[in-house]
Amino acid sequence: MEFSELIKTATVENVLLSCAGLPAVRGTLCITSHHLLLSSCPGGDVELWLLIRNVDAVEKRLTGSSGTITLRCKDLKVLQLEIPGMEECLNIASSIEALSSVDSVMMMYPFFYRPPSLKLEEGWHQFPLEQYFQQISSQVMLRSSQPLTGPNRRRCREDETLLGTILDEGERGFIIDTRSAQAAKQARMTGGGTEPKSSYPQWRRLHRPLERGRPLQESFAKLVEACSDPSLSMDRWLGRLESSRWLSHVKAALSTACLAAQCMDREEATVLVHGAEGTDTTLLVTALAQVILDPSCRTLAGFQGLLEREWIQAGHPFHLRCAHSAYSHARLKQEAPLFLLFLDCVWQLSRQFPFSLEFGERLLLSLFDNAYASAYGTFLCNNEKERSLCKVKESTHSLWAWLNRPEEQQKLLNPLYSHNALVIWPSVEPQSIQLWQGLFLRWIRPSQHLDEAWAEIQRLVEENNAPAKESTGNRLSQSLSDPTAGVS
Amino acid sequence: MEHIRMPKVENVRLLDRLSSRKAVLGTLYLTATHVIFVENGSETRKETWVLHSQISSIEKQATTATGCPLLIRCKNFQVIQLVIPQERDCHDIYISLIRLARPVKYEELYCFSFNPKLDKEEREQGWKLVDLNEEYNRMGVPNNYWQICDVNRDYGVCDSYPTEVYVPKSATAHIIVGSSKFRSRRRFPALSYYCKGNNASICRSSQPLSGFSARCLEDEQMLQAIRKANPGSDFIYVVDTRPKLNAMANRAAGKGYENEDNYSNIKFQFIGIENIHVMRNSLQKMLEVCELKSPSMSDFLWGLENSGWLKHIKAIMDAGIFIAKAVAEEGVSVLVHCSDGWDRTAQVCSVASLLLDPYYRTMKGFMVLIEKDWVSFGHKFNHRYGNLDGDPKEISPVIDQFIECVWQLMEQFPCAFEFNERFLIHIQHHIYSCQFGNFLCNSQKERRELKIQERTYSLWAHLWKNRADYLNPLYRSDHSQNQGTLHPQIAPCNFLYKFWSGMYNRFEKGLHPRQSVTDYLMAVKEETQQLEEELEVLGERLANLQKSQLGDNKVKSKQQDRSKQLRLSTSNNSLANTPQEYSNDLKSFPSRSPSQGDEEDSALILTQDNLKSSDPDLSANSDQESGVEDLSCRSPSGGGCLPSEDSGKDSDEAVFLAG
């Protein structure tokens, strides 16, 4: 396949681009294999540089001889293009549709992206697993998939021995199953199931059902729809927020992670977490529990390590789960925003413990954006095996390499951070859980005043950290080195 | 003291609303002014203080094996659950509190016995802190268009108005008196805010007595005079803050609203804010949601929506935004009224002023604003906040709603206000506490008759003295958010209105962020300031030093010490945290034990002129755990904090505790 076959019209003049909250711009629209560009007429400044993979839904409306294309992006941004000429409009729309639905991993932008400032191998091997395991003490958290008990209640001696050897005699462990007892039981019909107590005597099973799959994707879509519905009156907004169920999912995920953390920290017990496949809600729980328990997961580097370990290498199928975002009209396949739910929970933690995470909201937003559409290879494919087949590490850049450049890192840090060695136990009461406006309303609410407040916080902290002291020191040394200065 | 049947009961249990395991045993005292619970246990003897005037309801519940439960709900949203061993004691406490919580004479209120040990001069100075004459001068009146009128010198025209009000220069005494006779309770149009920049003004009044067809020439002239006082505009807005239906219903009673045909050059506008009864019920519903035991997310959101509370807050804000826009952007004067012009009108005028003028967003300016739009114009504090025993149908959270509007704005404009959330919470507390005389009675006339200023202290002086506690570290007077009018987003903006847990769940510290950014930044700011001061001192010394050619290295090392101190204080701050009972969604928070007054000895507790009680946080059950883990939560046997095994029907599952 050649990209050029998909591009029916490569350039259109005199296109009007509008985006909520920004002044409209007129310019020349270009479509390349991976990008949509708009450069304003006279100077040719590029006003828009949109990764086509970021487009979630394309809507076109024709009026007379011109047409309007609405692009709903995976990062929840909405753009409008007014295109003169009906044919051009249709061509552009279908080109974007075709390019944005190219599903072959190796055709994607990360395989073509070659920024001069980064080296290909950078950032791919910075999180050796052994290093993490050395820090772990007596209790451990394990994850797995469901046991294949099946309808005939099969047993597996090796599996029982494995779980048995983890615990010393008299020790107990908890199995947190992220499905309801009913669902776990039903799974036996299809060959799955749960650990029967008789075969795993030292383990106690707890069921904490978490939403996943299609219902979670629909919840995400409903929330985004409610957020962008301008006709909602005040008395219907809360009802719509509720009926999306998103905040209930946040509460449930946080509660379950806290339960796992509590079993380890308070009961000093070993914990095994699994759902069905062990690649979705399982990871949500284990990763969150680690952020709650372990201060090293709350640093910028530690959090990247956690993502690498608990999401990417653990085989969360990013390619399938993040194929579409909240706007897509395409028939849903295996999309589900589990990673977004995780990021939301981390945001809730950062709101309740504003000093305890080394990174700020910006990192979480950037991770969301990159999981759905990226120039980097970090979130490509569904597991390590696929990544290795596609030679992702050899032929794409790592997101971490980019984020860890000093100038980027600076923007991601939380100025209020101070190391907190303790477990951070969040409140999971409804009053304590808020809508993550920075993400869901990023392109809708005006953020100027909040950005100013953030800048002010940074200024206050910086003023305190560096300049006052430095300038004292500088002036002091300056004056001392020049005894005549200041004497007049 | 004659109402206290039982001054002390021992072995009372104070329950934690969310966690039955957290009950504490202690002694309950009744004094003339407070209910005090002192926890047993020699180390801390934590205390919970509740002013009688804060009590909104007392409920005696069915006696159980463990004793007789007593539920006390407070106007500052604290809920206290006690279990008293003997039913007779409980009954005595109940009867005493019923009487103590409903004083019948002003003299019974706390402000008449509260003595902060200030001398007479300090007290008088305190009352002078907020001076409305000064405020009108600051606004720019009197001037060519506005003058003070003295028709109400002895409250002769309107007894709920102040003696001094500003009216258009062209409005003669005849016009004013005539207009007052055509308005409910004779509350004629008077100046609330004047915009120096463009002469536009906000005036306020009550509804006209227009019925279906009545007219009043003087009233028409009065509105005309308001328009003329703003030569740049050829009309005025008349804003009726009631829902249209309510206003129309009033016509049948000979009241109503302005007929556009009779008044030349007015544009009439309804802005539907509901009446005090709707608001009272709405708050009640919202508080029921706050009191739910372990609600799900849906219970909470549905309950909040059904209460309608945020919808009402938004309606008030929208009215303020409309008026501020008319004044600032269109340069048109606005006359605001509702029915009597002392509830919704006060809310709307003060929200509009706050949006228009950065001065009202300073600490001092905010005090002035409350004094101007609420206290002086006869907002019925006594009736609305039930200070004296009265008609429960008069009670309504009118000023609470205004205070919440301010908080909602603070959330949207974090750099625009000089004060912080705590300032608002403490003002709300003292509106109900009756510890200071500012909000007593229903009008200026009544306050003067009671000689409030000679017999009580002013809250404003008290807050001003402690202003360091109330500063917003992000505020800078030169910040862009403080140049001119604030423009809150109009649509879509529903999501901007948030539930204020800092107020309505104020005493449940476990629900709030565990680390305070405000306090941390204040400390940072203070330290920077100290460094700068030291820098100055250093500079001076340096100059001397260079003259004398001597060295001094001590100063620099001292600074480094200080920065270490600050770091320490943040990390201390970040410690206070314990897990809640995640194991079971039906249970909740751990230790929110009442604590304060650690250094207090018991002898002090019962003294009346206790200064400590001026701190609204005192009555809090604050979570002041040292920050180390809560050991009581960790029971070796697993105890209640251990996750209980799901009781599925699956026979594989066993109860863990049995094993």
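**View 1. A salt bridge links B:Arg73 and B:Glu291**. In this predicted model, the closest N and O atoms of the pair sit 2.6 Å apart. Between domain 1 and domain 2 of chain B, the count is 1 salt bridge.

View 2. Where they meet, 12 residues of domain 1 of chain B are in contact with 23 residues of domain 2 of chain B.

**View 3. About 1500 Å² is buried between domain 1 and domain 2 of chain B**. Of that area, 52% is on carbon and sulfur atoms. On the domain 1 side of chain B, look for B:Arg17, B:Lys75 and B:Phe77: they lose the most area to domain 2 of chain B, together 47% of what that side buries.

**View 4. Now over to chain A and its own two domains**. Domain 1 of chain A covers 4-102, while domain 2 of chain A covers 129-455. Their C-alpha centres lie 34 Å apart. The contact takes in 14 residues from domain 1 of chain A and 20 residues from domain 2 of chain A.

**View 5. Domain 1 and domain 2 of chain A bury about 1400 Å² between them**. Carbon and sulfur atoms carry 62% of this area. In domain 1 of chain A, the residues losing the most area to domain 2 of chain A are A:Asp56, A:Lys74 and A:Leu76, together 47% of what that side buries.

**View 6. Polar contacts, but 0 salt bridges, join the two domains of chain A**. The polar count between domain 1 of chain A and domain 2 of chain A is 10 residue pairs (both at pLDDT 80 or more). On the domain 1 side of chain A, the elements giving two or more residues are β5 (55-63) and β6 (66-73) of chain A. The largest share, 3 residues, comes from β5(A). By class, that side has 6 nonpolar, 1 polar and 7 charged residues.

Key: Residues are numbered from 1 along each chain as its sequence is written. Chains are lettered from A and ligands numbered from 1 in the order in which they are written. This is a predicted model: local features need pLDDT of at least 70, side-chain atom pairs count only at pLDDT 80 or more; totals for chains, interfaces and linings use all residues. Side-chain values use heavy atoms; hydrogens and water are left out. Contact means heavy atoms within 4.5 Å. Buried area is the accessible area (1.4 Å probe) that two parts lose on being put together, summed over both. A salt bridge is a side-chain nitrogen of Lys or Arg within 4 Å of a carboxyl oxygen of Asp or Glu. Domain bounds come from an automatic or database domain assignment. A polar contact is a pair of N or O atoms within 3.5 Å; within protein, one must be able to donate a hydrogen and the other to accept it, and residues adjacent in sequence count only if both atoms are side-chain atoms. Helices (H or I, at least four residues) and strands (E, at least two) are DSSP runs, numbered from the N terminus. Ala, Val, Leu, Ile, Met, Phe, Trp, Tyr, Cys and Pro count as nonpolar, Asp, Glu, Lys and Arg as charged, and the others, Gly among them, as polar.
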